Amino acid sequence: MKIKLTNILLLLGLLLLSTASIKAQTVNSLHLKGNYFLIDNDVVNHAYKLSFKSNNQVIISTDEDTSGLWQWHSQEQVYIRLNQPLIQYEIPIAEHETHVYQVTALTINTATRGQDNQYIQHMQIWHKEEQKELSAYTQTNSAVFVKQRQLQKWPTQLVNKTWEIEYIDEVTHADTPWFKAPSTASVTFNADGTGSIQHWDNTQSELVWKIKGKRLILHYQSGTNSIKYVLRVLDYFDDIGLRFVAKQKNKTTQKSQWLHGLMVEKQDVTLTHEQVVGQWHISGRFHDYYSDHVAIANIAHTASKWSIDSRGQLYREKLDHPELGTVLNCPDDSCYISCQFYYELLARKGNTLYVNFYFYSEFYPQGPLKMQGKRIVKVERQDQLGIDAFSESFLGYTNMTLESEGTSTPYFFSMMPTPDGHAVSEVTTPKGTGTFSVIDGKLHTYIDQQEMIFEMMHFDRDEFAVCQYSAGESCNTGRTGVFKFGHNAGPSPQ
């Protein structure tokens, strides 16, 4: 009798667990029905639209549509296997050998919807000519996963203002038919549903617009193409602008793409000398702008001259020498400008600047400079110049020379990305090639099975003093030295 009762209790327990599991899956399934957006923070303008069905089917839309099957990988992660891989890009390796980088699956963290999180793209490298897989890897990116119903309403004050909108325009050049680049444009909305667009080349076209539900629908002409641009608000920032997710359809070619971007209300502002001087941080990189009109990229990289042009824009140029490469000052008359960089201030809040960034570049050495497109960048400006500790931000591809105790030793630091999104940090000296890391603001190099630690003591524009010692020691027992940069910018102005 006891055995029978135990069996009954066991069966009831299993039944309850099974019911709870089914309920949990049902709740998860219900939560994932409908349309969602996956906004990639690490890849400029990249977005997915995901339409989840109750039968575990999903439609994935980017530049093209494909279907897939989805299932819960865990309580917070959903795994999507694509029925047809999505092509990201192709690289020609040699004659009759082209490598195609394809997305085969996605793993999405659904726990923090509408907030920054991570997702995984499952990738494969495909041999196009031989039709076979060469390798597979995963790539983890930062993203926002949000339900379409959670997107916000459009502001009512669009009219009679000028807005800078990303990816509304496209740059082309008649003598370079293979080149295309997305670009911002200035848009003015009228109360009667019309408006105007000022394109990258200062031409203008008419606009027809309307708000339907949570969608801002734009119809306009871009070159010879008729465009329909449907934007939805992801979030607002700084009472200045908004971030959007959009479907852009070229009605001439019938091609569509999903993307995300920024839309900023243009203020009546221009840059001043005082606003420029300081350190500008943009997407993990920075420039130091000194009062003597010298700009230096990531403290150790190229130096250039800066100025404010007649339109109140920050202007920099890249000056190249046929033998010496990029130089600050030309030693003879053989230098030429290979790039021109412009920063147009759109809006400002405190030390946060929203800037329309664009540049002109050559397609071949000493060729004509051509527009490469415009985009909105967020600049965090600070008064402090230089650095007070080591960081990986300036060791990505850097040459420095260490002078210590009468010797001069060249160092080359590199951080080479791998296909899976990671990086290999290498350092090369006359002693050999090893690895490096930055821990608590200190540089650790590992060469020929020997670890050396460097601490920064004092920074100047063209060099910084360090103490160096072996593992287990400290600055008290080490020796001093100076890392010198090769950009020839000279010491900081007094």
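This is a short walk through the structure above, from its overall build to a few individual residues.

Let's begin with the whole chain. What you see is a predicted model, and its secondary structure comes to two helices and 33 strands. Taken along the principal axes, the C-alpha atoms fill a box of roughly 90 × 75 × 55 Å. The protein has 494 residues, of which 44% count as buried.

Next, have a look at the open space in the model. Rolling a probe the size of a water molecule over the atoms shows where empty space is left. The second largest pocket has a volume of about 1,300 Å³. Its lining is made up of 46 residues, and those closest to the centre of the pocket are Ile282, Ser283, Arg375, Val377 and Lys378. If you sort the lining by class, you find 21 nonpolar, twelve polar and 13 charged residues.

Now for the loops, where two residues have a backbone angle worth a look. Aspartate 238 sits in the loop that links β14 (225–237) to β15 (241–250). Although aspartate 238 is not a glycine, its phi is positive, at about 55 degrees. Its relative accessibility is 29%, so aspartate 238 counts as partly exposed. Glutamine 449 is the other residue to check, and you will find it in the loop between β30 (442–447) and β31 (450–460). Glutamine 449 is likewise a residue other than glycine with a positive phi, here near 65 degrees. With 86% relative accessibility, over the 50% cut-off, glutamine 449 counts as exposed.

Histidine 301 lies between β19 (294–297) and β20 (303–308), in the loop that joins them. Is this histidine 301 buried or exposed? Its relative accessible area is 17%, and because buried means under 20%, histidine 301 is buried.

Key: Residues are numbered from 1 along each chain as its sequence is written. This is a predicted model: local features need pLDDT of at least 70, side-chain atom pairs count only at pLDDT 80 or more; totals for chains, interfaces and linings use all residues. Side-chain values use heavy atoms; hydrogens and water are left out. On a 1 Å grid over the protein atoms alone, a cavity is a set of points where a 1.4 Å probe fits but cannot get out, and a pocket is an open set with protein on both sides within 12 Å along at least five of seven lines; lining residues have an atom within 4 Å of a point. Grid points are joined across faces, edges and corners, and a volume is the space filled by probe spheres set on the points. Ala, Val, Leu, Ile, Met, Phe, Trp, Tyr, Cys and Pro count as nonpolar, Asp, Glu, Lys and Arg as charged, and the others, Gly among them, as polar. Helices (H or I, at least four residues) and strands (E, at least two) are DSSP runs, numbered from the N terminus. Buried means under 20% relative accessible area, exposed over 50%, partly exposed in between (1.4 Å probe, protein chains only).
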